[in-house]
Amino acid sequence: MPAFAASAPGKIILFGEHAVVYSRPAIAVPVNMVRARAAVMANPAGPPGQVQIRADDIGLDSPLDALPYDHPLALAVHLVAEQIHVERLPALRLQITSTIPIASGLGSGAAVTTAIARALSAFLGHPLTDEQVSAIAYRVDQEYHGQPSGIDNTTIAYAQPIFFIRGQPFERLCVGQPFSIIIGNTGIASPTSAAVGDVRKAWLANPDRLERIFDEIGSIARQARKFIEDWLPERLGPLMNHNQALLQELDVSSPELDRLIAAARSAGASGAKLCGGGRGGNMIALVTPETAQPVADALRQAGAVNTIMTTIEKT
Ligand code: PMV
């Protein structure tokens with residue numbers, strides 16, 4: 001059997017993280033500059049049925065059977081096998097690599113699962129649909145995030161800019177004109193589950209206040225959709241800043257994120273906010289061809305360990 005390889009992009013949430021868990025709309029786009037890759041090849045010399053999983057980025061080189069069933073990489077393999085009704089996998093090697101930083105709001109987990117599901121199902125002769133891949137990535141995310149909204153797996157499996165409301169079919173976003181975003185990494189790994197859990201506690205303690213914030217974030221996401229589709233970029237930056245102020249009220253920003261966001265705005269970004277779970281991870285800034293370099297430089301000077309520029313193409 002030949003080797004099969006697949007890759008999947010990272011993602012950023014432009015508007016609406018956290019409120020999306022409470023069924024408000026959000027907007028997310030794939031980031032093709034960073035990707036997870038999976039390659040599956042037969043291992044004729046291996047013991048029958050042995051699946052060897054190797055992920056150098058996390059120092060893992062292990063037979064599938066030696067991993068707990070719900071280990072995220074193992075679970076992805078089990079769910080693919082279940083989906084296509086393969087009871088016993090042939091002896092194979094699965095190699096995973098990724099340039100998406102882990103636990104930093106760029107969807108690394110969903111991208112790794114997506115790449116595994118695509119490569120393994122193709123290797124087994126039953127390529128899965130985007131919908132099946134997305135459902136598997138959601139199941140794996142559930143093990144680690146508790147109650148994920150589903151925005152990560154949907155953006156990554158369909159590799160499209162989306163307007164997303166939990167529990168509803170997603171809508172593809174029509175991007176009126178290409179636009180560019182600089183992503184700045186604080187270098188602080190921050191598990192989404194912790195931030196989501198703290199927002200849940202705050203919501204339980206003060207539901208009226210939190211519901212008002214979620215409503216306001218949802219209304220920002222709806223306005224942003226219109227400005228992206230009708231292409232009114234001068235209206236998008238202020239919406240990003242307003243979204244960030246509400247994320248601060250939810251207490252999911254951090255001094256490091258706030259510093260990078262302030263630096264990006266001072267260097268000419270028309271808007272900036274954290275993206276993803278927050279407390280660390282990445283922030284995003286809306287830039288033009290003129291402000292892209294000064295903003296990237298300012299982010300580095302303010303302590304960003306890495307910056308990525310991504311362009312959202314017209315759709
Ligand atoms: O940190 P990420 O990339 O997993 O994004 C999480 C987005 C949240 O809205 C905070 C959680 C969710 O499941 O939507």
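**Exercise 1. Find the strands that pair with strand 2, and state the sense and the number of bridges for strand 6, strand 5 and strand 1**.

*Solution.* Step 1: start with strand 6 (residues 162-164), which pairs with strand 2 in the antiparallel sense over 3 bridges. Here, helices (H or I, at least four residues) and strands (E, at least two) are DSSP runs numbered from the N terminus, and two strands pair if DSSP finds at least two bridges between them. Within this pairing, Ala28 stands opposite Ile162 of strand 6.

Before going on, note that this is a predicted model: local features need pLDDT of at least 70, side-chain atom pairs count only at pLDDT 80 or more, and totals for chains, interfaces and linings use all residues. Residues are numbered from 1 along each chain as its sequence is written, and side-chain values use heavy atoms, with hydrogens and water left out.

Step 1: turn to strand 5 (residues 92-98), which is antiparallel to strand 2 and pairs with it over 7 bridges. Look for Arg37, whose bridge partner in strand 5 is Thr97.

Step 2: finish with strand 1, joined to strand 2 by 11 bridges and also running antiparallel to it. Ala8 has Ala36 of strand 2 as its bridge partner.

**Exercise 2. Work out the strand order of the open sheet with 4 strands, and say which strands stand at its edges**.

*Solution.* Step 1: the order is 9-10-8-11, and the pairing is antiparallel.

Step 1: strand 9 (271-275) and strand 11 (306-312) each have a single partner strand, so one side of each has no neighbour in the sheet and these two are the edges.

Step 2: from one strand to the next, the twist averages 25 degrees. Angles run from 0 to 180 degrees between N-to-C directions, and axes are lines fitted to C-alpha atoms, for helices over the stretch in contact.

Step 3: check one pairing. Strand 9 and strand 10 (residues 282-287) share 5 bridges, and Gly271 has Leu286 of strand 10 as its bridge partner.

**Exercise 3. Describe the surroundings of the ligand**.

*Solution.* Step 1: 18 residues surround the ligand, and the closest are Lys11, His18, Ser149, Thr192 and Gly277. A residue counts as near if one of its heavy atoms lies within 4 Å.

Step 1: look at single atoms. One N or O atom in the side chain of Lys11 is 2.5 Å from a ligand oxygen, and the side chain of Ser149 also has an N or O atom 2.5 Å from an oxygen of the ligand.

Step 2: on its own the ligand has 380 Å² of accessible area, of which the protein covers 96%. The areas come from the Shrake-Rupley method with a 1.4 Å probe.

**Exercise 4. Classify the ring pair of Tyr22 and Phe214**.

*Solution.* Step 1: the structure holds 5 aromatic pairs. Rings of Phe, Tyr and Trp (its six-membered ring) pair if their centres lie within 6.5 Å; planes under 30 degrees apart are stacked, over 60 edge-to-face, and the rest tilted.

Step 1: the centres of Tyr22 and Phe214 are 4.4 Å apart and the planes meet at 15 degrees, so the pair is stacked.

Step 2: Tyr22 sits in the loop between strand 1 (4-15) and strand 2 (26-42), and Phe214 in helix 6 (residues 207-229), 192 residues apart.

Definitions and conventions. A polar contact is a pair of N or O atoms within 3.5 Å; within protein, one must be able to donate a hydrogen and the other to accept it, and residues adjacent in sequence count only if both atoms are side-chain atoms.
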